[in-house]
Amino acid sequence: MVLNKNTAKKTAELLLQINAIKLKPENPFTWASGWKSPIYCDNRILLSFPIIRNYIKDEMAKQVEAIYGRPDVIAGVATGAIGIGALVADALGLPFIYVRPEPKSHGRKNQIEGFLDANQSVVVIEDLISTGKSSLNAVDALKAQQANIKGMLAIFTYGFDTATNNFKTKNVELHTLSNYEFLIEQASETNYIKEEQLNTLMEWRKNPSKWLQ
């Protein structure tokens, strides 16, 4: 769910501006999952642009408090949300931790890095939501340490039905600064894409796992 439409459009504009999100309907990308896609998103790029980085940080910090209230701890999902998560925690003056995809195989074998006490309230920060599986894996790890999960805030989501269902099944509330609909609207209004490219992007969104197969 998007809280602020103006923020959603501005976020989409900025991510397109720095090529954190690339749209190439005529030359599709191949995701790690094997899916063919006309869009690729790498929000870690925004960390290299201070003005944009600060905008995203400030908006996320405001929305964390507006949506969930003030948590005890901010958690980032490794690796993509470590940077922005730490910035959000700093903006709010809160402790920061991050969650690995799985426990380390050496040392203390931590999956959660940083100090987390039982029953502390946590807002999870993500950079991108696709199916939601890796994000919810982090939530499971936090819950296993008796964290009280208030919800998750991400920069961007593709808005796949499978992600919606996964978050609903786990009973985890998800909000994002922007999403696919606002991205396409912004790209179309600014002539970033042509009409035939828009049609391709809309077709892909209907059934992304089967597109071009």
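Mentor: Let us begin with Met-152, which is located in strand E9 (residues 148-157). The model is a predicted one.

Trainee: Why is Met-152 called buried?

Mentor: The term buried applies under 20% relative accessible area. Met-152 has a relative accessible area of 0%, so Met-152 is buried. In space, Met-152 and Ala-66 are 13 Å apart, C-alpha to C-alpha, while in sequence 86 residues separate them.

Trainee: Where is Ser-37, and is Ser-37 buried or exposed?

Mentor: Ser-37 belongs to strand E3 (residues 36-37). Its relative accessibility is 0%, and the limit for buried is under 20%. Ser-37 therefore counts as buried. From Ser-37 to Ile-52 there are 15 residues in sequence and 26 Å in space, C-alpha to C-alpha.

Trainee: What makes Asn-119 stand out in its backbone?

Mentor: Asn-119 is not a glycine, yet its phi is positive, at about 70°. Most residues other than glycine have a negative phi. Asn-119 is found in the loop between strand E7 (112-113) and strand E8 (121-129).

Trainee: How do you know whether Asn-119 is buried or exposed?

Mentor: Exposed means over 50% relative accessible area. The value for Asn-119 is 61%, so Asn-119 is exposed.

Trainee: What can be said of Asn-171 in terms of phi and accessible area?

Mentor: Asn-171 has a positive phi as well, of about 60°, and is not a glycine. The loop that holds Asn-171 runs between helix H5 (161-170) and strand E10 (174-179).

Trainee: Which form does the peptide bond from Ala-78 to Thr-79 take?

Mentor: That bond, from Ala-78 to Thr-79, is cis, and its omega is near -5°. Most peptide bonds are trans. Thr-79 is part of the loop between strand E5 (73-77) and helix H3 (82-92).

Trainee: Turning to the helices, why are H4 and H5 called roughly parallel?

Mentor: H4 and H5 pack at about 15°, and their axes are 10 Å apart. Angles under 35 degrees count as roughly parallel, so H4 is roughly parallel to H5. The crossing of these two helices, H4 and H5, is right-handed.

Trainee: What makes H1 roughly perpendicular to H6?

Mentor: Helix H1 (residues 5-17) and helix H6 (residues 180-189) have axes that come within 9 Å and cross at roughly 65°. The range from 65 to 115 degrees counts as roughly perpendicular, and H1 is therefore described in that way relative to H6. H1 passes H6 in a right-handed crossing.

Trainee: How do you know that H1 and H2 are roughly antiparallel?

Mentor: The axes of H1 and helix H2 (residues 50-68) cross at roughly 150° and come within 11 Å. The limit for roughly antiparallel is over 145 degrees, so H1 and H2 are roughly antiparallel to each other. Their crossing, that of H1 and H2, is left-handed.

Trainee: How does one find where empty space is left?

Mentor: Rolling a probe the size of a water molecule over the atoms shows this. The largest pocket holds about 740 Å³ of space. It is lined by 28 residues, and the closest to its centre are Ala-32, Cys-41, Leu-128, Ser-130 and Ser-134. Strand E4 (39-41), strand E8 (121-129) and helix H4 (133-144) are the elements that each give two or more residues to this lining.

Trainee: What classes of residue make up the lining of the largest pocket?

Mentor: The lining of the largest pocket has 13 nonpolar, nine polar and six charged residues.

Trainee: What is the volume of the second largest pocket, and which residues are closest to its centre?

Mentor: The second largest pocket has a volume of about 280 Å³. Of its 15 lining residues, Met-1, Thr-157, Gly-159, Thr-164 and Leu-174 are the closest to the centre. Helix H5 (161-170) and strand E10 (174-179) are the elements that give two or more residues to the lining. E10 supplies the largest share, four residues. By class, this lining of the second largest pocket divides into six nonpolar, six polar and three charged residues.

Conventions. Residues numbered from 1 in each chain as written. Predicted model: local features only at pLDDT ≥ 70, side-chain atom pairs only at ≥ 80, totals over all residues. Heavy atoms only, no water. 1 Å grid on protein atoms, 1.4 Å probe; cavity = no way out; pocket = protein on both sides within 12 Å on 5 of 7 lines; lining within 4 Å. Points joined across faces, edges and corners; volume = space filled by probe spheres on them. Nonpolar A, V, L, I, M, F, W, Y, C, P; charged D, E, K, R; others polar. Buried < 20%, exposed > 50% of the residue type's maximum accessible area, 1.4 Å probe, protein only. Axes fitted to C-alpha atoms, helices over the stretch in contact; angles between N-to-C directions. Left-handed = near helix turned anticlockwise from the far one by under 90°.
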